[in-house]
Structure formats: C-alpha cells, structure tokens
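Dear colleague,

I am passing on the structure below, together with notes on what was found in it. Please read the notes with the structure open beside them.

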Amino acid sequence: MPARAWALLLVLCGTIFLEGIDVAMLAVAVPSIRSDLDLSTGTAAWVMSAYVLGYAGFTLLGGRAADLLGRRRMFLGWLTVFLLFSGLGGFATEGWMLITARFATGVAAAFMTPAAMSIITTSYEEGPQRNQALLVFAGTAAGGFTLGLVIGGLLTQLGWRWVFFAPVLLAAAVLLAAVRLVPREARPEKAAGGFDLAGALTAAGAMLLLAFGIVRLEHGLDGWPLTALVAAAGLVLAGVFVAVERRAAAPLVRLGLLRKASTVRADLGALLFVGSFFGFQFVATLYLQELRGWSSLETAFALLVMGVDAILAPTLTPRLVTRFGNARVILGGFVLAIGSYALFLPVGPDWSYAAMFPTLLLTGLAFALAYGPLTIAATDGIAEEEQGLASGLLTTAVQFGSAVGISAVTAVYGIAGGGLDGFRAALVVPLAMVAIGAAVAATGVRAPGAAHPPEVPEAAPKVTVS
C-alpha cells in the first residue's frame, strides 16, 4: 500500500486501539476507584456496565448514521465526544458522575467505531488490500485490550484518574492526524422517504433493553423476574422495529441484509467467539487475583502473552487467508480455541504459570486466526452505501458477545458457589460458546472451487487512497 494509505490506516487503528485500552485500563482500575470513592459493589459494577450499555445500545444506529450522514463527519465528531467524556471521567468525585461519563463514552464509541471500519472498507479496494487493512485493524483492537491491562496496572499505581486522562492524550493526537488524513467524501444524498426516526428510536430502545438484560445475567438467579421482564421488553421492541422497517419508505436497516447468509454467519460467529474470549479472560483474571492472590499488575503481565494476536493478525493471518480462504481460517481459529479452553478446565489451586502458558498462548493465536477474517466476511460483498450498516451490525455483535460472555461466566460462577469449583464451572461457558461457533463456522466452509455467487449488487466504485 502507498505511504498515505498506511498513514490513514494508522490513524483508524489508533481509534480502535484507544477503545481497547480504555476498556482494559478501567477494568484494572475499578478496585482502586471503588476504594477511593467509597462506592458500593453495585455502583462499581455499573462503572463498567454503563459503557457496555451505551456501546451496545447505539452501535447499530451509529453504523447506519455513518452511511446516511457521512463517515468522516461521524468519525471526527464522535471521536471528539469520546475525548471529552473520557477526560471528564477523571474529574469524577461521585459514582453517578463516573457512570454518566462512561455511558456517554460508550455511546461515542458506538458511533466512532463503525465509522472507522466503514472508512476502511470504502477507502481500500476490495480484495488483498482491504483484507490486509482489516486484519491490521482487528489485530490492533486485540492488542489494545491486552496492552491496556498492563498500562492500566502501571497507571493505577500513579493514581486511577490517569486511566481516564491518558486516553485523552492519545485521542487528541489521533484527532489531529485524522483531520488531515481521513478523506473527504461527497455529501450523502437524502433518502426519498426522509430519515427513519421511528426505526432509530425503536432500534436504540430494543438494543438498550437487550443489553441491560444481558448485563443483569451476572446476578444469576437473584432478581431474575426483572431480568426476564427487561429481556422480554427488548424482544418485543425488536419485533416492533422489524415491523416499522418493513413499512418505512427509507428504512434505517434494509432487512434484506439480515437475510444474507455470509453476513449473518460472520456476525453470529463474532458474537460467539468474542464472547468466549472475554468470558475466558474474565475467569482467568478472577482465578489469578482472587484464588491465587496475584496483584493486578502481575495478572496483567501474565495475560500479556495473549497479545500475540496483535503480531500474528497482520503478518501470519493474511497469508493463511490467501492460501486457504476466510472460512477455513475462521474455523481453524474456533477449533484452536476449543482446545485452548479445554486445556484450562482441570485448573488446580496451585498451577504454575508454565501450566497455564499453553492455554494463554493458544487463545491469542486463536483470536488472530478468527477475528480478523470474521471482520472481512462480515463486510465482504456489501454495497458501499451500506458499509456503515454492515460495520455497525458486526460491532453490535461483538459488544453483545462480550456482554454475554462476561455476564454468563459471572452468573455460573456464583451459582456454582465460587471457589475452584466455580471457576471450573464458569470455564464451561466459553468452551460451549466456541463449540457452537465452530458449528456455525463449519457451514461456511465450501469445497475447493465451489462457486460463491454474489448475494448483493456490486458495490459502487471505491474512494481508493493513493
């Protein structure tokens, strides 16, 4: 790729790296925040959950807004919002201030991330160049989260407020570079039927309710009637959304896209794979800190090996995709993850790091194989005017997956009574998720030379970066 194309990709990767370290650093800092601000357990949990709620609740709307209102405008505008509210979180003196700041930061990420991904898919020519860009983007996302655990541990030693201030510096640098490098685009034409306000409201409402219901799963059987009621309300509103879209002159979401088998398979696969990854990482963190008594910094360094995906995703994975195709590489990632989590099932109370190392290394390798190709598959063959929507659907799946994975392992751990037995029981959740994901991925593996007819019209010409 030309130098300017690499520079643009670096800027876009900066945003997903920023989003990854932001989440990871806060996860490490929450115990210190809780102690310093004297927060209750519930309030401390909502400091993390508010971000997930804002992110998952508005990502679908954010992706479509990039298509309808302009990708550059959405990217720059919401990156600015992300910067401002991340900084405001560092000045919080009460729990509600942090929760509000985190929710707003999550909403900003919900608009910013799909816009960044759709800029990639519309600025780089479909094929090897776009695949390479998406694989680098995916590897940066994973690397940001893994490195964020270590950086968060170091910054927390200086004071937890630096966990909020540090991303501001990075976001400001990315924003300044983005103003110069993100290509301008023609103003999107207004839809003949106007903006689908009813679709936007019902979509956001359904996503918020479903995300809230998923987050509440971590309470297990406690308060289950409320959890069930919220989830049911979310499903009802989702049904209303579908009905609205069928009648809308210019629907927010073209429902035909949801019938595209390869897109649905990729989004479902991403939900299951990312959910299993974050669920496993959460269980491993609890095991090391609560059962073994390791410090947050020691735990972060122990998990750092999983960051191998940041190196392998842009180097090894493109070669494998070129040789074997997306579907086989994705399936290989799922199968590797099954073996990785299974190795950790018999975890003991005094396992050495050497005993844990194979699982941690294989988990990072599995992520490198699966996540990037899933990103390619989710946006492949989509018309340019719907790339933001496709990116939004994928990001929605990823956010819901992470919420499901963490909430489910937390619930199973509590129901199993905690302790070592609780950890082993909770580990079944990520193992089951990747097993189901492998079955989904296997349906996409075609015989060599099999035809792959396009399911959508050819995309419009790309604004190729040169």
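Contact in these notes means heavy atoms within 4.5 Å. This is a predicted model, in which local features need pLDDT of at least 70 and side-chain atom pairs count only at pLDDT 80 or more, while totals for chains, interfaces and linings use all residues. Residues are numbered from 1 along each chain as its sequence is written, and side-chain values use heavy atoms, with hydrogens and water left out.

I begin with D267, which is found in helix α9 (residues 261-291); helices are DSSP runs of H or I, at least four residues long, numbered from the N terminus. Not counting residues up to four places away in sequence, D267 touches A378, L393, L394 and A397. D267 is buried yet has no salt bridge, and the nearest side chain of opposite charge, K260, is 9.7 Å away. Here buried means under 20% relative accessible area, exposed over 50%, and partly exposed in between, with a 1.4 Å probe and protein chains only; a salt bridge is a side-chain nitrogen of Lys or Arg within 4 Å of a carboxyl oxygen of Asp or Glu. For charge, Lys and Arg count as positive and Asp and Glu as negative, whereas His and the chain ends are not counted.

By this rule the count comes to four salt bridges. R64, D67 and R71 are linked in a network of them: the side chains of R64 and D67 meet at 3.1 Å, N to O, and D67 also forms a salt bridge with R71, the closest N and O atoms being 3.0 Å apart. R64 and D67 both lie in helix α2 (residues 41-69), three residues apart, about one turn of the helix, and both are buried, as is R71.

Another salt bridge joins R254 and E386, with the closest N and O atoms 2.8 Å apart. This pair links distant parts of the chain, R254 being in the loop between α8 and α9 and E386 in the loop between α14 (353-379) and α15, 132 residues apart. R254 is partly exposed, with a relative accessible area of 35%, whereas E386 counts as buried at 8%.

As for helix α15 (residues 387-415), 23 of its 29 residues are buried, so it is largely enclosed by the rest of the structure. T396 lies in this helix and is buried, with a relative accessible area of 10%; T396 touches A56, T59, L60 and M207, not counting residues up to four places away in sequence. Just after α15, G417 takes a positive phi of about 90°.

With kind regards

Notes: Helix = DSSP H or I, 4+ residues; strand = E, 2+ residues; numbered from the N terminus.
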